[in-house]
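Subject: Structure handover

Hello,

Here is the structure you asked about. Please open it first, then read my notes below.

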Amino acid sequence: MEGNQAGSSLDSLISSFHKRIGELQELVIARNMYPAKSISDLSAIDTALSSMELQVQSIKDRLREETEAIPKAKKLIEASLRQQERLQKMSIYAPSHLPDKATMLNSDLNRCLLQENAKQYEQKHALSSLKSDEEAVVLPKEKKGRGSPPVWYITVEELNSLSSYMRGRLTLEKVNAAINDMASYAEANAHLIAAPKQKLAENLWEKALKLRDIVTAQAVKGKHFFLETDMKGPSLKLDNTGKAILTVLRHLGRISETRIGQNRVIILMKPH
């Protein structure tokens, strides 16, 4: 009896060993089918996915901002087009050159600018009572009450009478606009000559002294004039076109020229 029990226990133990061996064999087969090297690092995958989610969200936010800005941009474009249309309509009616009265307006503007500069200068130097010998310049009496500079426009007939070489590409409009500029230069110089030092801005006093030396010359006494260096626009400038305009006006008797010291002086002629 005991021998049968021992045999039965041994058979049971052997059967258990066989079962455990089978399970181990299955685990070995599974390990060979899915090696450890083929499994990715899950933490790295999670980090990459999180970064991608942030980038996608950033792109979505940017797209939303751009979408919201589109209506504003359309309104700005429409407003710009309307403004451009209004300016184009206004340019049709704008004068292509200054009218005859522009000389007086320019003179008033220059006078106002000089008065404003004088006020600023007086405010800065109200406590100063010393006067230099330069203030004792005695101005010729004929400068007072001289009147406005002459504005003697040219006509179409006069322009057409010039040779094509002299006329070049000049037009009646360009030449007469330059005459307006010359009158403005001469008017501004007359103010500088007549104004005392304490009523002039510091940056104008040196030019005023130069003009006062020039005005004593016999060639310019009692006449309106400007310097070649005054030719700074808007229509008359010291370029090839400006020099051509001076040549035409000198030929037609509108101006005369002289040189006093280092200065080229252009004198405005009065109508005959």
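Proline 234 lies in the loop between β1 and α8. A cis peptide bond joins glycine 233 to proline 234. Its omega is about 10°. Please keep in mind that this is a predicted model.

**Overall layout**

The protein has 8 helices and 3 strands. Read from the N terminus, the order of elements is α-α-α-α-α-α-α-β-α-β-β. The protein has 272 residues, and buried residues make up 25% of them. Take the contacts in the protein with a separation of 6 or more: residues 24 or more positions apart account for 69% of these.

**The β2–β3 hairpin**

Strands β2 and β3 pair in the antiparallel sense. The pairing runs over 6 bridges. The hairpin has 2 residues between the strands. Glycine 261 takes a positive phi there, near 65°. Glutamate 257 has isoleucine 266 in β3 as its bridge partner.

Asparagine 263 belongs to strand β3, which covers residues 263-268. Is asparagine 263 buried or exposed? Asparagine 263 counts as buried, because its relative accessibility is 19% and the cut-off for buried is under 20%. Leaving aside neighbours within four places in sequence, asparagine 263 contacts Lys210, Ile214, Leu227 and Thr258.

**Salt bridges**

How many salt bridges does the structure hold? There are 5. Three of them are worth a look on screen.

Start with glutamate 158 and arginine 254. They form a salt bridge, with the closest N and O atoms 2.7 Å apart. This pair links distant parts of the chain, 96 residues apart. Glutamate 158 is in helix α4 (residues 156-161). Arginine 254 is in the loop between α8 (240-251) and β2 (255-260). Glutamate 158 is partly exposed, at a relative accessible area of 22%. Arginine 254 is buried, at 5%.

The charged end of arginine 254 sits over the ring of tryptophan 152, 4.1 Å from the ring centre. As for pairs of rings, a search of the whole structure finds 1 aromatic pair.

Next come glutamate 228 and arginine 264. Their salt bridge has its closest N and O atoms 2.5 Å apart. Again the pair links distant parts of the chain, here 36 residues apart. Glutamate 228 is in the loop between β1 (225-227) and α8. Arginine 264 is in strand β3. Arginine 264 is partly exposed, with a relative accessible area of 22%.

Then look at arginine 250 and glutamate 257. Their side chains meet in a salt bridge of 2.6 Å, N to O. Arginine 250 is partly exposed, at a relative accessible area of 35%. Glutamate 257 is partly exposed too, at 26%.

Which residues are linked in a network of salt bridges? They are Glu228, Arg250, Glu257 and Arg264.

**Helix α7**

Helix α7 spans residues 202-215 and has 14 residues. From its first C-alpha to its last, α7 reaches 21 Å. That is close to the 20 Å expected at 1.5 Å a residue.

Which residues of α7 are buried? They are Trp205, Ala208, Leu211, Arg212, Ile214 and Val215. The buried residues of α7 pack against α6 (172-194), β1, β2 and β3.

**Methionine 182**

Methionine 182 is in helix α6. Methionine 182 counts as buried, because its relative accessibility is 2% and buried means under 20%. Not counting residues up to four places away in sequence, methionine 182 touches Phe226, Leu236, Leu246, Leu249, Ile255 and Leu268. Isoleucine 266 is 84 residues from methionine 182 along the chain. Their C-alpha atoms are separated by 9.0 Å. Isoleucine 266 is the residue noted above as the bridge partner of glutamate 257.

Best wishes

Terms used:
Residues numbered from 1 in each chain as written. Predicted model: local features only at pLDDT ≥ 70, side-chain atom pairs only at ≥ 80, totals over all residues. Heavy atoms only, no water. Helix = DSSP H or I, 4+ residues; strand = E, 2+ residues; numbered from the N terminus. Buried < 20%, exposed > 50% of the residue type's maximum accessible area, 1.4 Å probe, protein only. Contact = heavy atoms within 4.5 Å. Salt bridge = Lys/Arg side-chain N within 4 Å of Asp/Glu carboxyl O. Expected span 1.5 Å × (residues − 1). Phe/Tyr/Trp six-rings, centres within 6.5 Å; stacked < 30°, edge-to-face > 60°. Lys NZ or Arg CZ within 6 Å of the ring centre and 35° of its normal. Pairing = 2+ DSSP bridges.
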